[in-house]
Amino acid sequence: MPVLQDLLDALRARTVEVVDLTAPLHSGTPILQLPPPFANASPFGLTEISRYDERGPAWYWNDIQTSEHSGTHFDAPVHWVTGKDGEDIAQVPPARLLAPAAVLDFSAESVKDPDFLLEVEHVRAWEAEHGPLPDGGWLLYRTGWDARSEDAGAFLNADDTGAHTPGISVECAKWLAEEAPVLGLGVETVGTDAGGAHSFDPPFPCHSYLLGAGKYGLTQLQNLARLPATGAVVIAGPLPIVGGSGSPARVLALVES
């Protein structure tokens, strides 16, 4: 097919760059920490099965232990109570795993204020400069938070009052869910909601509104600084875990060089 051949030719000629948006997954990968009495996910772990030894002389392999929501991961609608009758991660249509992206860069604001919240007027101002958000695409929210990803303390940024990480206001989350044409929201932080979102009304509005509307979340993305404001195509590859609420994912972007 001509379009597919054109893409293959562009990849071979390196006129299309493949950018990895995925954080490496290891035992030190930051995991969301909920206060008591709520249960928390286990950190990522590897348990060796064999490594070129008497347990298996010619092969190396491991069992893995991880949460569905460890590292760079994909939130399915069923992850939240508002989406409990929606898709699990295995039911997400494959065609929705390949989509255009808009990148909104608010890293400067987030450096000044770790509690910075994206508002509808910020998105409207971006659209006035770059055009409308992509229909059926991702809104990728750049905050520069990926620079902290190898330091769990700095990444979670919590003190006695709770976590302080940038996110989305209640009004903006509702607007993205109900009015914006996007299929989901991607962020660099540990979850799609702000660190202080437990105190919002409703709590965790990105989860509540977007997943309740059948939309998706991508979290702990990296390298958004390497993407243009418009024109990138995102490939998100979660595991199709039957009944799963989400999955660690390899997330790539295709960008014209």
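**Cavities and salt bridges**

Biologist: Which residues line the second largest cavity?
Modeller: In this predicted model, the second largest cavity is lined by D75, L185, T192, C206, H207, L210, L211, Y216 and G217. A cavity here is, on a 1 Å grid over the protein atoms alone, a set of points where a 1.4 Å probe fits but cannot get out, and a lining residue has an atom within 4 Å of a point.

Biologist: And which elements give two or more residues to that lining?
Modeller: Those are α6, spanning 205-212, and β12, spanning 216-219, with helices (H or I, at least four residues) and strands (E, at least two) taken as DSSP runs numbered from the N terminus. The largest share, four residues, comes from α6.

Biologist: How much space lies in there?
Modeller: The second largest cavity holds about 40 Å³, where a volume is the space filled by probe spheres set on grid points joined across faces, edges and corners.

Biologist: How many cavities of 30 Å³ or more are there by this rule?
Modeller: The count is two, and the largest cavity has a volume of about 70 Å³. That largest cavity is lined by 13 residues, and the closest to its centre are A23, P30, S149, Q220 and Q222.

Biologist: On to charges, then: how many salt bridges turn up?
Modeller: A search of the whole structure gives eight, a salt bridge being a side-chain nitrogen of Lys or Arg within 4 Å of a carboxyl oxygen of Asp or Glu. One of them joins the side chains of R250 and D20, at 2.7 Å from N to O. This pair links distant parts of the chain, since R250 sits in strand β14 (residues 246-256) and D20 in strand β1 (residues 16-20), 230 residues apart.

Biologist: What about D53, which residue does its side chain meet?
Modeller: The side chain of D53 meets that of R55 in a salt bridge with an N to O distance of 2.6 Å. D53 counts as buried, because its relative accessibility is 19%, whereas R55 is partly exposed with a relative accessible area of 40%.

Biologist: And where do D105 and R142 lie?
Modeller: D105 lies in strand β5 (residues 98-105) and R142 in strand β7 (residues 138-142), so their pair ties together parts of the chain that are 37 residues apart in sequence. Their side chains meet in a salt bridge of 2.8 Å, again N to O. D105 is partly exposed at a relative accessible area of 40%, and R142, at 18% relative accessibility, counts as buried.

Biologist: Which residues do salt bridges that share partners join into one network?
Modeller: E48, D53 and R55 are joined into one network in that way.

Terms used: Residues numbered from 1 in each chain as written. Predicted model: local features only at pLDDT ≥ 70, side-chain atom pairs only at ≥ 80, totals over all residues. Heavy atoms only, no water. 1 Å grid on protein atoms, 1.4 Å probe; cavity = no way out; pocket = protein on both sides within 12 Å on 5 of 7 lines; lining within 4 Å. Buried < 20%, exposed > 50% of the residue type's maximum accessible area, 1.4 Å probe, protein only.
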